[in-house]
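These are my notebook entries on one structure, written down in the order in which I looked things up.

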Amino acid sequence: MNHDAPIDPVLSRFLDTVWMERGLSAGTLANYRANLTTLSRRLAQRGASLIQATRADIQDFIAWSVQKGVRPRSAAGQLSSFRQFFRYLIREGLIADNPTAL
C-alpha cells in the first residue's frame, strides 16, 4: 500500500488524536491507518464514505476480508480499529450511531 497517498481528513485527524491521547506505537498507528484506509476504499467502491458506513457495510467488509484470506486475529484487529474510529466520530459529533456497536 502507498502510505504517501492522501487519506480522508477525518481519518487523519483521528490518527493524530489517538496518537496524542493514547500514545500508540508507530506500528499500531500504521495498522489503524491501513485498516481504515482499506475500509474507506472498499466503501468508496460501493459509493459510500467512512462517515456513511453502516453496520451492514462493516459486516460486509469483515466477510470480504475473511474471503480474501485475512486471519481471524487480523480481522479482530481490523474491527478494533473500526471501533476506535467510530467512537471518535461519535465523540466529535460527526455521526450519531456507531456501526460497530454490539
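Entry 1: On the H2 side the contact is made by Thr 38, Leu 39, Arg 42 and Leu 43, and on the H3 side by Asp 57, Ile 58, Asp 60, Phe 61 and Trp 64, where contact means heavy atoms within 4.5 Å. Sorted by class, the residues of this contact are 5 nonpolar, 1 polar and 3 charged; Ala, Val, Leu, Ile, Met, Phe, Trp, Tyr, Cys and Pro count as nonpolar, Asp, Glu, Lys and Arg as charged, and the others, Gly among them, as polar.

**Entry 2: what I am looking at.** The model is predicted, and local features need pLDDT of at least 70 and side-chain atom pairs pLDDT 80 or more, whereas totals for chains, interfaces and linings use all residues. Residues are numbered from 1 along each chain as its sequence is written, and side-chain values use heavy atoms, with hydrogens and water left out.

**Entry 3: the whole chain.** I found 4 helices and 0 strands in the protein chain, both taken as DSSP runs numbered from the N terminus (H or I of at least four residues for helices, E of at least two for strands). The radius of gyration is 13 Å, close to the 13 Å that the globule rule gives for 102 residues, so the chain is as compact as a globular protein of that length; the radius is taken over C-alpha atoms, and the rule is 2.2 Å times the number of residues to the power 0.38. Along its principal axes the C-alpha trace spans about 35 × 30 × 25 Å. Of the 102 residues, 37% are buried, with buried meaning under 20% relative accessible area, exposed over 50%, and partly exposed in between (1.4 Å probe, protein chains only). Among contacts with a separation of 6 or more, 55% join residues 24 or more positions apart.

**Entry 4: H2 again, now with H4.** At what angle do the axes of H2 and H4 cross? I read roughly 85°, with the axes coming within 9 Å and H2 covering residues 26-45, so H2 and H4 are roughly perpendicular to each other. This contact has 6 nonpolar, 7 polar and no charged residues. From H2 it includes Asn 31, Tyr 32 and Leu 36, and from H4 it includes Gly 77, Ser 81 and Phe 85.

Entry 5: Pro 72 lies in H4 and counts as exposed at 68% relative accessibility. Its C-alpha atom is separated by 24 Å from that of Ala 44, 28 residues apart along the chain. Arg 73, also placed in H4, is exposed with a relative accessible area of 77%.

**Entry 6: the segment after H4.** Is Ala 96 buried or exposed? Ala 96, in the segment after H4, is exposed, at 70% relative accessibility. Asn 98 is found in the segment after H4 (72-91), and its side chain makes a polar contact of 2.6 Å with the side chain of Thr 100. A polar contact is a pair of N or O atoms within 3.5 Å; within protein, one must be able to donate a hydrogen and the other to accept it, and residues adjacent in sequence count only if both atoms are side-chain atoms. Leaving aside neighbours within four places in sequence, I found Asn 98 in contact with Arg 83, Phe 86, Arg 87 and Ile 90.

Notes:
Axes fitted to C-alpha atoms, helices over the stretch in contact; angles between N-to-C directions. Parallel < 35°, antiparallel > 145°, perpendicular 65-115°, else oblique.
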